[in-house]
Amino acid sequence: MEKLISGRSHLPFVPESFILPPESRPGQTKFPPCDSIPVIDLGGQQLGFDRAQLVKQIIQASQEFGFFQLTNHGVSEKLMHDVLDVANEFFGLPAKDKESLYSEDPKQTCRVHTSINYDREKVHYWRDNLRHPCHPLEEHMPFWPEKPPHYREVIGSYSAGVRKLSLWILDLIGEGLGLESGYFRDELSQVQFISVNHYPPCPDPSLTLGLPKHCDPNLITLVLQGKVQGLQVLKDGQWLAVEPLPNAFVVNIGYMLQIMSNGKLSSAEHRVMTNKEVARTTVSSFLYPSNTCRVGPLKTLLCDCIRPLYRDFVFKDFLSTYADDTPVGVPPLERYKIQY
Ligand code: OGA
Ligand code: NI
């Protein structure tokens, strides 16, 4: 349990086991917030808005950046605020309250852990995490934390709201790819996880990362990042800092959408910087295919002149190779690429 960073009293220096090898250190820690990552305003919906234009914006952002932000998305400001409060309160609980949920076993449904794979990795990352499934709600909620007292109620409303929004974005993406309506709504998006990341202040952010460079293995991720900067996206070899916009969601295209769209959409590598002054807490919602779902480039996007870039697979097999490849720096899509 003493493994949780939030459980250690203020560390005056970065412990050896968290110091990255020189080539992976972020070094320079001042990255100005980047204003080129697209911000898509969904507020026009009520006013006879131009749906085709919105589809175009989303597809373009997903192609060029694999990331965009959403404003005026319909999830209430109060709820977003309450979610960040309850997430912060959770990591502020006394150690014994978090202890009962601590597990190194990724198969444990609701669990608290730290870094990525603490017992197997060479270097640790500066984050604590609480993660659990949340769809369908009734099935999973009884396993969620009982403290803080509002956790289940707040995260319950939030995960349902964010699921609805994610499915709507997937509908728009489907439309942009020319798919039949509701294409992603079945087993492709059956599984939803909420992941609460907590990055305590770090004595020397130039030596560590909260999360290493990675792409998410799912379809689509919505991140609520509060006011503190830390998330960065790799674009054309440059790290861009995602600006924390009030009440916005950061949307991130996962590997599954890159594969299904046969590379038309891209899943961008991203990482999390730590900072010296304040703790940063984020709440992400991940939509995943069910374990037995077959995934591959969509047949409707292929023809004689457009060949599939990836081979088909069963999703749970992908998750397993992703978990093997990512920590050792092997690009997880390599083994699925078709060589012509
Ligand atoms: C993740 C992730 C970003 C953040 O959990 O996969 O990229 O800012 N999180 O916490
Ligand atoms: Ni991520």
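**Metal site, ligand shell and aromatic pairs**

Student: In this predicted model, does Y322 count as buried or exposed?
Tutor: The relative accessibility of Y322 is 13%. Buried means under 20%. Y322 therefore counts as buried.

Student: Which residues coordinate the nickel ion (ligand 2)?
Tutor: Three side chains reach the nickel ion (ligand 2), at 2.1 to 2.2 Å.

Student: What spacing do the donors of the nickel ion (ligand 2) follow, and how many residues apart are D216 and H270?
Tutor: The donor spacing along the chain is H-x1-D-x53-H. D216 sits in the loop between β7 (211–214) and β8 (220–224), while H270 is in strand β12 (residues 270–272). This pair links distant parts of the chain, and the separation is 54 residues.

Student: Are D216 and H270 buried or exposed?
Tutor: D216 has 5% relative accessibility, so D216 counts as buried. H270 has 4%. H270 therefore also counts as buried.

Student: Which residues have polar side-chain atoms that approach an oxygen atom of ligand 1?
Tutor: A side-chain N or O atom of Y199 lies 2.6 Å from an oxygen atom of ligand 1. For H270, that distance to an oxygen atom of ligand 1 is 3.0 Å. A polar side-chain atom of T282 comes to 2.7 Å. The names are Y199, H270 and T282.

Student: How much of ligand 1 does the protein bury?
Tutor: Start with ligand 1 taken alone, which exposes 300 Å². The share of that area buried by the protein is 95%.

Student: Which element gives the most to the shell around ligand 1?
Tutor: The elements that give two or more residues are β6 (191–199), β7, β12 and β13 (280–288). The top contribution is three residues. It comes from β13.

Student: How many residues of the shell around ligand 1 are nonpolar?
Tutor: The shell includes N197, L211, L231, V272, R280 and F286. By class, four residues are polar and two are charged. The nonpolar count is five.

Student: How are the rings of F90 and Y151 arranged?
Tutor: The aromatic pairs come to 16. In one of them, F90 and Y151 have ring centres 6.3 Å apart and planes at 50°.

Student: How many residues apart in sequence are F90 and Y151?
Tutor: F90 lies in helix α2 (residues 77–92) and Y151 in helix α5 (residues 151–176), so the pair ties together separate parts of the sequence. Both residues are buried. The separation is 61 residues.

Student: What phi does S115 have?
Tutor: Most residues other than glycine have a negative phi. S115 is not a glycine, yet its phi is positive. S115 sits in the loop between β4 (111–114) and β5, and its relative accessible area is 0%, so S115 is buried. Its phi is about 55°.

Student: Where does N262 lie?
Tutor: N262, a residue other than glycine, has a positive phi near 55°. At 9% relative accessibility, N262 counts as buried. Its place is the loop between α6 and β12.

Definitions and conventions. Residues numbered from 1 in each chain as written. Chains lettered and ligands numbered in written order. Predicted model: local features only at pLDDT ≥ 70, side-chain atom pairs only at ≥ 80, totals over all residues. Heavy atoms only, no water. Donors = N, O, S within 2.8 Å, 3.2 Å for Na, K, Ca; no water. Helix = DSSP H or I, 4+ residues; strand = E, 2+ residues; numbered from the N terminus. Buried < 20%, exposed > 50% of the residue type's maximum accessible area, 1.4 Å probe, protein only. Near = heavy atom within 4 Å. Polar contact = N/O pair within 3.5 Å; in protein donor to acceptor, adjacent residues only side chain to side chain. Areas by Shrake-Rupley, 256 points an atom, 1.4 Å probe, with all protein chains shown as cover. Nonpolar A, V, L, I, M, F, W, Y, C, P; charged D, E, K, R; others polar. Phe/Tyr/Trp six-rings, centres within 6.5 Å; stacked < 30°, edge-to-face > 60°.
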